[in-house]
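Biologist: I am new to this structure and would like to learn how to read its features step by step. Could we begin with what is meant by a pocket?

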Amino acid sequence: EDSRSTRGTKIVIRLKTDELRFADKDTVEGIVKKYSNFVGFPIYLNGEQVNTIRPLWTQDPKTITSKQHEEFYQFISNAYDKPRYTLHFVADAPLSIRSLFYVPEQLPEMYGVRQLESGVSLYSRRVLIQSRSKDLLPEWLRFVRGVVDSEDVPLNLSRELLQQSALIQKLRSVLTAKLIRYLADEAKRDRKKYEKFFNECGIFLREGIVSASDDAEREEIAKLFRFESSFENPGVTTSLTDYVSRMKPGQKNIYYLCVPTRELAEASPYYEPLLAQGHEVLFSYDQFDDTVLAQLRSFSDKPVLSAESYLSKSEEPVEVETKDGALSGGEADSLVQWLTRTLGFHRVKEVKVTQSRVLTFACFAF
C-alpha cells in the first residue's frame, strides 16, 4: 500500500544486478513508447509524460488533417517522405478493426537498396502485440505502412500462436481484400496518380500474382495491373477489366505481347495475325510479365495467352492471298522435312508451315 497516495496501486520492482539497465530512464522510456505509447491514459516518467502521440486510428477519419496523417506516418515508419495514399479503415463486423494504412512515396526496395520488412504493427486496445507483424498482410504488401488495432485479439497472444491463429488469418483476409479494393478505387479516382504508383510499385503486385495461393486472389490482384494496348494511343494504359469489356463477340482469349518497346510490339510478326483479325493486344514492357501473366492463366474466365500462342491456338483462320512464286504444298512439305533433318530435334521441337504471315517476311521461331 502506498501511504503517499489516496488511490491507485504502487508496484515495487527489484532488479537483479545484471539487469540494472531497466532502471535507466532511456531504457524504460523506450519500452513504454514501444508497447504502451497509445494507451488511453497518461504515463509519467520522472514527472514527464512519455506517451504523447495520439492514436489517430481511434479518431473520426473526418477530423484528421493531412498534416496529422503525414506526422503520424513519419512517426510509425521512421521516414521523412509523405504518404502517397492513406486508408483509414474501420469495421465492426466480421471483426472489430481500427486501422490506418499508408503507401509511401519512396521505397528503398524500389531502388535496389534493401529488402523491405513488413511495415504494419498489430495492437489490441492500443497495446502493441507485435511490431512489424509478418502475419497481418501477405508479403507482397510489405510496402504498406500502418497499424491495425482489433479488440478481438487477446492481449496475451504469443508470437507463435499468431502464426497459427484462425483469427489472425481472418483478419489478414479482410485487410488484404480491403487494400486491393482501395487501390482499385484510387485507380478510377485519379488515373495518372495510380499509373505512377503502378510504374514504381508494380514489382510488388507482380510478386503477388506469383505468390498468391489461389486463382481468385490472383484475379483480384490482376485488376490492379495496367498495360498499354493496341486499341489505345501510346502512353495510355488500360486494365484487364476494360479489355474484357471490349472483347469481340466470339473471342475466347485475352492476348498480350511482352516486348521492350511499343515500336517492337507493333513490328512483331506475332502481333500481325492478331491485328488482321481485329483482336486487341496488351503490350507489356516489363521483363517479368511473361512469367507473371503465364502464372495468372485466366481472367474473368478468359484464358490469358501470349501473342506467340496464337499461331498454335488460333480461334479462326487467317485468309491469305497466294502470291506469285509461293511454294506449293509439296514444296512446303519438302522444306519442312529438310529443316527438321538439318536442325535436329535438339535445336527445334517442331517445324511447320503457317499461313498467318500477311505483311512481314517468313521467320523462324526457336
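Modeller: A pocket is an open set of grid points with protein on both sides within 12 Å along at least five of seven lines. This is a predicted model, and in it the second largest pocket holds about 440 Å³ of space.

Biologist: Which elements give two or more residues to the lining of the second largest pocket?

Modeller: They are helix 5, strand 8 and strand 11, and helix 5 gives the most, with 7 residues. The lining counts 21 residues, and those nearest the centre of the pocket are Phe 198, Asn 199, Glu 200, Arg 206 and Asp 286. By kind, the lining divides into 7 nonpolar, 6 polar and 8 charged residues.

Biologist: Which way do the residues of strand 11 point?

Modeller: In a regular strand the side chains alternate between the two faces of the sheet. Here Val 281 and Phe 283 point one way from strand 11, while Leu 282 and Ser 284 point the other way, and all are buried. Strand 11 runs antiparallel to strand 8, joined by 2 bridges, with Glu 228 opposite Phe 283; with strand 10 it pairs in the parallel sense over 4 bridges, and there Cys 258 stands opposite Ser 284.

Biologist: Why does Leu 205 count as buried?

Modeller: Buried means under 20% relative accessible area, and Leu 205 counts as buried because its relative accessibility is 0%. Leu 205 lies in helix 5 and, leaving aside residues up to four places away in sequence, touches several others, including Trp 140, Phe 198 and Ile 221. The C-alpha atoms of Leu 205 and Ile 221 are 6.8 Å apart, although 16 residues separate the two along the chain.

How values were computed: Residues are numbered from 1 along each chain as its sequence is written. This is a predicted model: local features need pLDDT of at least 70, side-chain atom pairs count only at pLDDT 80 or more; totals for chains, interfaces and linings use all residues. Side-chain values use heavy atoms; hydrogens and water are left out. Buried means under 20% relative accessible area, exposed over 50%, partly exposed in between (1.4 Å probe, protein chains only). Contact means heavy atoms within 4.5 Å. Two strands pair if DSSP finds at least two bridges between them. On a 1 Å grid over the protein atoms alone, a cavity is a set of points where a 1.4 Å probe fits but cannot get out, and a pocket is an open set with protein on both sides within 12 Å along at least five of seven lines; lining residues have an atom within 4 Å of a point. Grid points are joined across faces, edges and corners, and a volume is the space filled by probe spheres set on the points. Ala, Val, Leu, Ile, Met, Phe, Trp, Tyr, Cys and Pro count as nonpolar, Asp, Glu, Lys and Arg as charged, and the others, Gly among them, as polar.
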